[in-house]
Amino acid sequence: MHAIAIEQERLHWREQPAPEGPAAGEVRLRVAWAGVNRADLMQRAGHYPPPPGVSDIPGLEVSGTVAEVGPDVDGLRPGDRVCALLAGGGYAEEVVVDARQVLPLPEGFGLREAAALPEVFATAWLNLFMEGQLASGERVLLHAGASGVGTAAIQLCHAFGHPCFVTAGSDAKLAACRELGADGVFNRHEGSFVDAVKAWGGTDVILDPVGASYLADNQRVLNADGRLVLIGLMGGRHAELDLGRMLMKRQRLIGSTLRAKPPAAKGAILDALLAHVWPRLASGEIRPLIDRTWPIDAAEAAHAHVERDANIGKVLLAVGGEG
């Protein structure tokens with residue numbers, strides 16, 4: 001098969017061995033589309049290696065067609081059109097994945113749209129509802145709101161009755177966030193978001209891919225019993241934590257990564273998406289926001305686009321080119 005190889009931080013589309021398997025409980029997919037995530041850029045730069053035993057081919061989500069089914073797999077057959085959440089290996093013509101990490105396409109969806117779903121909606125659901133434990137009516141602050149995860153999280157907040165405030169880096173991005181259902185917005189280039197979020201009423205849960213440079217201000221806007229869920233380190237990894245504020249306001253700081261979770265845990269997240277989110281996708285209440293697509297052999301250009309923070313929503317790579 002052909003797949004992307006990372007060599008000296010460059011991406012090369014070339015022939016590589018196809019993955020072994022499928023073993024018991026696994027399926028082989030013929031990849032149509034692969035999603036681009038910031039984690040792929042981190043892996044390429046040497047900062048986010050794949051978990052032990054996982055392919056060093058980048059790519060954390062794909063859509064495609066089931067080509068082969070291993071023993072002990074129920075509910076999937078060759079020819080089924082699906083999307084999948086991966087620990088790696090998605091920038092390739094074929095991938096082998098645990099069947100628990102595979103979902104059918106939402107009703108009415110094609111393969112292109114479906115590739116924009118697994119990683120971002122799993123990340124948003126995991127961190128808002130499972131780690132963040134959002135309760136009825138609680139308020140959410142989303143940083144990098146125009147990212148793939150951000151645009152998914154805005155829509156989940158809106159659909160499930162949680163007011164959300166969004167920060168992003170341009171007025172165009174903020175307008176897109178409002179259109180998706182954000183209740184308040186702030187351009188991060190205008191300084192600290194603290195006063196704007198406090199005037200809005202503060203927040204109970206923060207979904208933060210930024211890290212160190214936002215830690216102090218995040219603490220200032222968290223309401224009593226608030227939860228800060230850290231999902232990235234775009235703004236650095238070292239910062240001073242105000243333990244007095246944390247103690248007196250009963251704040252919780254939660255670190256969260258999805259990639260290294262075992263298949264059973266990923267399966268539980270996808271089961272929740274199938275039950276609660278897939279019907280809303282089918283009805284049109286929620287939709288994936290796709291920014292741009294590139295052919296897989298132009299993955300360098302797609303990464304450069306994400307590196308510049310130029311995207312509003314998901315960036316996709318056409319592998320098999322099927323709709």
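Trainee: Let's talk cavities. By class, how many nonpolar, polar and charged residues does the lining of the second largest cavity have?

Mentor: Keep in mind that this is a predicted model. The general idea goes like this: rolling a probe the size of a water molecule over the atoms shows where empty space is left. In this case, the lining of the second largest cavity splits into 6 nonpolar, 3 polar and 2 charged residues.

Trainee: Which residues line the second largest cavity?

Mentor: Around that space you'll find A116, V120, F121, G148, T151, A152, Q155, R287, P288, L289 and K314. Two elements, α3 (118-131) and α4 (148-159), each give two or more residues to this lining. The largest share, 4 residues, comes from α4.

Trainee: And how much space lies in there?

Mentor: About 40 Å³ for the second largest cavity.

Trainee: How many cavities of 30 Å³ or more does a search of the whole structure find?

Mentor: The search turns up 2 of them. The largest cavity holds about 50 Å³ of space.

Trainee: Which residues line the largest cavity, then?

Mentor: Pick out L215, Q219, L222, L228, L241, M246, Q251, R252 and L253 in your viewer. The elements giving two or more residues to that lining are α7 (215-221), β12 (222-230) and β13 (252-255).

Trainee: How do the residues of that lining divide into nonpolar, polar and charged?

Mentor: For the largest cavity, you get 6 nonpolar, 2 polar and 1 charged.

Methods: Residues numbered from 1 in each chain as written. Predicted model: local features only at pLDDT ≥ 70, side-chain atom pairs only at ≥ 80, totals over all residues. Heavy atoms only, no water. 1 Å grid on protein atoms, 1.4 Å probe; cavity = no way out; pocket = protein on both sides within 12 Å on 5 of 7 lines; lining within 4 Å. Points joined across faces, edges and corners; volume = space filled by probe spheres on them. Nonpolar A, V, L, I, M, F, W, Y, C, P; charged D, E, K, R; others polar.
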